[in-house]
Amino acid sequence: MVTPLLLSPNLRGALFMVVAMSGFTLNDAITKVASESMNMAQVMLIRGAFASLFVGLLAWQRGALALPGSMLQPMVAIRVIGEAGATASFLIALAHLPIANVSAVLQALPLAVTMGAALVFNEGVGWRRWLAIAIGFAGVLIIVRPGFEGFSIYSLLALACVACCAVRDLATKRIPQAIPTLLVSTTTALAMTMLGAALLLPMGGWTPMTGESTAFLALAAVLVVIGYQFIIMAMRVGDISFIAPYRYTALLWSILLGLFIFGDVPDLPMILGASVIVGSGLYALYRERIVGRRKTAAESAGPDMAPDGI
């Protein structure tokens with residue numbers, strides 16, 4: 001008789017986090033492929049419509065839509081505005097940059113949330129974490145390379161995405177507990193769908209779609225929902241301080257997908273900058289665990305570190 005392999009709660013949580021990151025990154029890869037045949041507003045519209053349908057049905061099933069008036073709560077509105085800026089900047093950057101470069105810049109989000117929590121909410125951040133934040137953003141500059149030959153204006157859009165995601169996550173921390181998470185997700189998905197519709201004409205209009213491209217965008221939406229379910233499972237079964245570092249596997253997935261699907265070979269500045277960012281983020285997580293504060297970078301509202309409303 002073969003004894004089944006039993007994993008500890010932390011190891012199961014880590015495994016769930018790795019699965020979630022693979023789902024989110026596959027979603028990004030599919031989106032990048034779709035951007036080759038249509039503009040990003042159309043991608044936002046179609047994928048957002050599928051995501052709204054899937055998340056809305058899940059919210060309805062779980063009774064999260066009982067109080068639709070909560071969609072107008074001010075912090076929910078600020079979160080949606082932050083998500084709108086993040087989504088637009090992320091998708092445009094993703095269409096023009098290697099997926100690994102965009103993912104590497106997004107690894108700075110936990111550091112940005114830590115900084116925002118200190119500046120906006122007066123949360124205590126010691127000099128060690130401030131130093132980690134400064135070093136992490138130096139890593140971002142290595143990737144972005146302002147003023148150098150390899151610089152791309154779209155790199156600034158990836159950095160703008162980080163800023164908008166930080167606004168989103170900080171607003172999420174102030175949403176009343178009585179408002180269900182699925183209601184917030186449904187609101188965000190609907191808003192991003194409407195934003196895609198509003199930007200469709202300015203960004204080039206509608207491109208006829210094949211059944212294959214429609215199926216791919218539906219799959220992308222499914223992968224987002226799967227990613228969120230595994231994020232929730234990960235956070236519920238293990239210690240956040242143990243599980244959170246595994247979200248950085250998103251960078252590994254993005255490098256592999258970029259290499260095998262798009263033929264993008266990471267250059268030295270990208271690898272160096274990403275290493276600096278991840279190292280700084282891991283040190284910040286370590287310091288938060290030491291001082292007993294695990295709800296800043298360790299538990300940012302967007303564990304996938306990318307726009308989530310599409």
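I started with cavities: on a 1 Å grid over the protein atoms alone, a cavity is a set of points where a 1.4 Å probe fits but cannot get out, and lining residues have an atom within 4 Å of a point. Grid points are joined across faces, edges and corners, and a volume is the space filled by probe spheres set on the points.

I noted that this is a predicted model, in which local features need pLDDT of at least 70 and side-chain atom pairs count only at pLDDT 80 or more, while totals for chains, interfaces and linings use all residues. Residues are numbered from 1 along each chain as its sequence is written, and side-chain values use heavy atoms, with hydrogens and water left out.

**Cavities.** I found 2 cavities of 30 Å³ or more. The second largest cavity holds about 30 Å³ of space. I listed its lining as Met-40, Met-44, Ala-88, Leu-91, Ile-92, Leu-199 and Met-203. By class these are 7 nonpolar residues, with no polar and no charged ones (Ala, Val, Leu, Ile, Met, Phe, Trp, Tyr, Cys and Pro count as nonpolar, Asp, Glu, Lys and Arg as charged, and the others, Gly among them, as polar).

I then looked up which helices take part (helices are DSSP runs of H or I with at least four residues, numbered from the N terminus). Both α2 (40–61) and α3 (74–96) supply at least two residues of this lining. Helix α3 gives the most, with 3 residues.

**Helix α8.** I read α8 as residues 181–199, 19 residues in total. From first C-alpha to last it reaches 27 Å, close to the 27 Å expected at 1.5 Å a residue (the expected span is 1.5 Å times one less than the number of residues). Its buried residues include Leu-182, Val-184, Ala-191 and Gly-196 (buried means under 20% relative accessible area, exposed over 50%, partly exposed in between, with a 1.4 Å probe and protein chains only). The buried residues of α8 pack against α2 and α3.

**Ser-70.** I placed Ser-70 in the loop between α2 and α3. Its relative accessible area is 17%, so Ser-70 counts as buried. Leaving out residues up to four places away in sequence, Ser-70 touches Val-76, Ile-179 and Leu-183 (contact means heavy atoms within 4.5 Å).

**Cysteines.** I counted 0 disulfides (a disulfide is a pair of cysteine sulfur atoms within 2.5 Å). Cys-164 is in no disulfide either, and its nearest cysteine sulfur, that of Cys-161, is 6.9 Å away. I also checked accessibility: Cys-161 is buried at 1%, whereas Cys-164 is partly exposed at 21%.

Note on methods. On a 1 Å grid over the protein atoms alone, a cavity is a set of points where a 1.4 Å probe fits but cannot get out, and a pocket is an open set with protein on both sides within 12 Å along at least five of seven lines; lining residues have an atom within 4 Å of a point.
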